[in-house]
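Work through the exercises below with the model open. Try each task before you read its solution.

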Amino acid sequence: MAGVLTLAGCAKDSGTNNADSGGSGDAGPCVTAPEPPPPPKGSSRESKAPVDVDASDLRVGLAFDLGGRGDASFNDAAAAGVDKAKAELGVTDVSESTATANETEDAKKQRLQQMAAAGYSPIIAVGFAYAPSVKDVAPKFPDTQFALIDGTVDLPNVTPLLFAEEEGSFLAGVAAVYKSENCHVGFVGGVNTPLIQKFQAGFRQGAEAVSDEVQIEEDYLTPAGDITGFNDPAKGNAKSSAQIANGADVLFHAAGASGKGVFQAAKSAGALAIGVDSDQYKQQTMDPVKDVIVTSMVKRVDVAVFDYLVAVARDDLSTLPERFDLAAGGVGYSTSGGKIDDIVPILEGYKQQIIDGKIKVSAELEN
């Protein structure tokens, strides 16, 4: 889908170039919520104790989606979970392989089969695009454990690793409105699929929760079935530039490696941007554009992968949550760069209300 969602009564403000400052600390011209929810008492960022598990016997297969290690997004988050298992659990034997653009289903199946035949277990398939292949390959290797990120396959040796993307994206929407000078924000999705629509839905609800005047630009780079939208920075740049030309000054992307183009467009136009999946401010490849990244909607694929490997090593998968949501620490937001320090109490307040069930975030788009 493409276009602009306009809510009644949007009062635009010319604002200033806020790329360096990250916006002012006050509510700005866009916020119309009567009062932000109070932050919870105490810290919600407590670190977990080290895990006392020996996983040195595991031979881990990691089947990346398009973009692979180095995409500064979804795949890198999965890789970070395995890297942490190497450092903390004693994992040494890891096989990695990456999907290519427009590859056939047979190629995905062959990737998984080769890992399973070589004795790797567990095998982690990164992304919903692997669902058909996992469904075909897993029954042939009943003694091999598989994990499927963002997908569900109902087989005894397949564990789904699912997330509440809409909850983290809600907070991205709140942050976007608080940092907008124009009362105009944007969403850029990589591929128009139900999964990415969850990011869009949450972002829209978060923005609307704090403003009844905001305008929201919404675009996808490719339709369902064309996964190149996750690895096309040039197209991400073009769509983002068009949104900025329409007035959007804070853009949130859920577009994988294409997000680099979103950041480049924001940098060129003096706008701001919100990353996704990983803390993109910290990604080395983002150094030239990191000054426009105010926060990232962190989807903790690294946490899910690490926790899954711990559970496999303990031979107890029952400890894993059904969904990695805000309560489980599976989604959230980053504060690197200090650009949202002034609104962290506000974000924490909304976060706690979601965890407590006072705010229900829908994963479905409402037209």
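**Exercise 1. Find the helix that gives the most residues to the lining of the largest cavity, then describe that cavity.**

Solution. Start with the helix: α5 gives the most to this lining, with 3 residues. Keep in mind that the model is predicted.

Next, list the elements. α1 (74–89), α5 (194–210) and β10 (272–277) each supply at least two lining residues.

Now count the cavities of 30 Å³ or more: the structure holds 1. The space in the largest cavity is about 200 Å³. It is lined by 19 residues, and those closest to its centre are Phe74, Ile196, Phe230, Gly256 and Asp277.

Last, sort the lining by class. It has 11 nonpolar, 3 polar and 5 charged residues.

**Exercise 2. Decide whether Lys299 is buried or exposed, and name its contacts.**

Solution. First locate the residue: Lys299 lies in strand β11 (residues 293–299).

Then apply the cut-off. Buried means under 20% relative accessible area. Lys299 has 1% relative accessibility, so Lys299 counts as buried.

Now look around it, leaving aside neighbours within four places in sequence. Lys299 is in contact with Phe74, Ala77, Asp150, Phe163, Glu165, Leu195, Phe199, Asp277, Gly330 and Val331.

Ser73 and Lys299 are 226 residues apart along the chain, yet their C-alpha atoms are separated by 9.3 Å.

**Exercise 3. Describe the largest nonpolar core and the contacts of Phe252.**

Solution. Begin with a general point: in soluble globular proteins, nonpolar side chains tend to be buried together.

The largest nonpolar core here has 77 residues. Leu89, Ile124, Ile149, Phe199, Phe252, Leu309 and Tyr350 touch the most other members. Helix α8 (residues 301–314) gives the most to this core, with 9 residues. Apart from it lies another core, of 18 residues, among them Val262, Tyr281, Met286 and Val292.

Now take Phe252, again leaving aside neighbours within four places in sequence. Its contacts include Ser169, Ala172, Gly186, Phe187 and Val188. Phe199, Phe203, Ile274, Gly275, Val276 and Met297 also touch Phe252.

Note on methods
Residues numbered from 1 in each chain as written. Predicted model: local features only at pLDDT ≥ 70, side-chain atom pairs only at ≥ 80, totals over all residues. Heavy atoms only, no water. Core = buried A, V, L, I, M, F, W, Y, C linked by side-chain atoms within 4.5 Å. Buried < 20%, exposed > 50% of the residue type's maximum accessible area, 1.4 Å probe, protein only. Helix = DSSP H or I, 4+ residues; strand = E, 2+ residues; numbered from the N terminus. Contact = heavy atoms within 4.5 Å. 1 Å grid on protein atoms, 1.4 Å probe; cavity = no way out; pocket = protein on both sides within 12 Å on 5 of 7 lines; lining within 4 Å. Points joined across faces, edges and corners; volume = space filled by probe spheres on them. Nonpolar A, V, L, I, M, F, W, Y, C, P; charged D, E, K, R; others polar.
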